[in-house]
Amino acid sequence: MAGAAPTTAFGQAVIGPPGSGKTTYCLGMSEFLRALGRRVAVVNLDPANEGLPYECAVDVGELVGLGDVMDALQLGPNGGLLYCMEYLEANLDWLRAKLDPLRGHYFLFDCPGQVELCTHHGALRSIFSQMTQWDLRLTAVHLVDSHYCTDPAKFISVLCTSLATMLHVELPHVNLLSKMDLIEHYGKLAFNLDYYTEVLDLSYLLDHLASDPFFRHYRQLNEKLVQLIEDYSLVSFIPLNIQDKESIQRVLQAVDKANGYCFGVQEQRSLEAMMSAAMGADFHFSSTLGLQEKYLAPSEQSVEQEAMQL
């Protein structure tokens with residue numbers, strides 16, 4: 001039918017531990033996408049979110065409230081949130097009725113921050129799985145606070161959590177190191193930033209931990225954890241400064257590649273104008289390849305060029 005909304009929709013499932021910057025990311029990314037010309041719908045799936053800074057198209061709080069659940073069932077915040085997600089899973093008809101009129105929009109799902117929802121509890125994964133059945137192509141955007149890079153033990157823990165999340169959620173996945181504008185306030189990094197984003201030889205982290213008397217006793221455990229991470233070879237990070245348009249663009253490019261979204265002509269022109277204004281000079285892209293050459297690492301460029309030749 002002429003003028004009908006497209007059946008396939010695209011979006012991001014924004015996940016990560018509490019305080020990692022998910023809501024701030026949804027605000028910044030939604031503003032960036034609107035400047036590019038995309039119609040954006042931000043969906044709040046976190047019943048604990050209050051005072052949302054963005055315009056919310058769908059709010060799970062209309063279906064179930066965390067405070068009501070805690071009072072009625074005498075549950076704590078974590079147990080109450082798990083119940084809310086299970087309740088949403090059992091009432092997905094409500095969610096679909098809210099999303100169907102928004103076909104043609106690009107979706108940002110602001111998800112709860114309880115780590116167990118993304119590592120072993122099944123409700124959120126089931127919700128994502130059902131949305132893919134509705135022809136909604138999602139990329140999981142997993143935010144991790146960059147301050148964990150300053151502590152080798154915490155960084156190994158974050159790597160394990162990120163790997164468990166990637167395996168459990170079962171969506172195309174992009175890991176972000178958020179709050180990069182604040183990383184200098186967290187302390188000096190033991191290695192260059194590339195070491196943490198590309199998750200290079202982790203044996204150097206083990207040597208760094210060996211200097212700590214406490215962790216010296218757990219060297220074998222840390223060796224096994226590092227071996228597990230390296231055997232899967234799945235985890236890497238993109239640094240994100242939500243205040244920097246170039247940083248947001250690099251993230252968006254990775255997300256669009258993961259879920260198959262294609263740039264439109266009008267969006268390309270909007271991007272050129274936005275980046276020109278941001279840099280105070282003309283900023284031209286002759287093609288999508290030009291954008292990739294600007295932002296992708298050399299290894300990624302070679303992969304993209306080989307793909308285009310094929």
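The structure is a predicted model. Two packed helices are described by the angle between their axes and the distance between the axes, and the table gives these values for each pair.

| Helix pair | Axes come within | Crossing angle | Handedness |
|---|---|---|---|
| α7 (residues 152-169) and α12 (residues 219-232) | 10 Å | roughly 45° | left-handed |
| α4 (residues 92-99) and α6 (residues 123-133) | 12 Å | roughly 45° | right-handed |
| α10 (residues 203-210) and α12 | 10 Å | roughly 165° | right-handed |

**Helix α12 and its two partners**

Helix α12 takes part in a crossing with α7 at roughly 45°, and the two helices are therefore oblique to each other. On the α7 side the contact is made by I156, L159, C160, L163 and L167, and on the α12 side by L225, V226, L228, I229 and Y232. Sorted by class, the residues of this contact are 10 nonpolar, with no polar and no charged residue.

Helix α12 also crosses α10, here at roughly 165°, an angle over the 145 degrees used as a cut-off, which makes α10 roughly antiparallel to α12. In this contact S203, L206, D207, L209 and A210 of α10 meet R219, N222, E223, V226 and E230 of α12.

**Helices α4 and α6**

The axes of α4 and α6 come within 12 Å and cross at roughly 45°, so that α4 is oblique to α6. The residues that meet are L92, L95 and L99 from α4 and I127, Q130 and M131 from α6, and they divide into five nonpolar, one polar and no charged.

**The cavity**

How many cavities of 30 Å³ or more are counted? The count comes to one, and the largest cavity has a volume of about 30 Å³. Its lining is formed by A9, L99, D100, R103, F107, W134 and L136, which divide into five nonpolar, no polar and two charged residues. L99 belongs to this lining and is also one of the α4 residues in the contact with α6.

Note on methods
Residues are numbered from 1 along each chain as its sequence is written. This is a predicted model: local features need pLDDT of at least 70, side-chain atom pairs count only at pLDDT 80 or more; totals for chains, interfaces and linings use all residues. Side-chain values use heavy atoms; hydrogens and water are left out. Axes are lines fitted to C-alpha atoms, for helices over the stretch in contact, and angles run from 0 to 180 degrees between N-to-C directions. Helices (H or I, at least four residues) and strands (E, at least two) are DSSP runs, numbered from the N terminus. Angles under 35 degrees count as roughly parallel, over 145 as roughly antiparallel, 65 to 115 as roughly perpendicular and the rest as oblique. A crossing is left-handed if the near helix is turned anticlockwise from the far one by less than a right angle, and right-handed if clockwise. Contact means heavy atoms within 4.5 Å. Ala, Val, Leu, Ile, Met, Phe, Trp, Tyr, Cys and Pro count as nonpolar, Asp, Glu, Lys and Arg as charged, and the others, Gly among them, as polar. On a 1 Å grid over the protein atoms alone, a cavity is a set of points where a 1.4 Å probe fits but cannot get out, and a pocket is an open set with protein on both sides within 12 Å along at least five of seven lines; lining residues have an atom within 4 Å of a point. Grid points are joined across faces, edges and corners, and a volume is the space filled by probe spheres set on the points.
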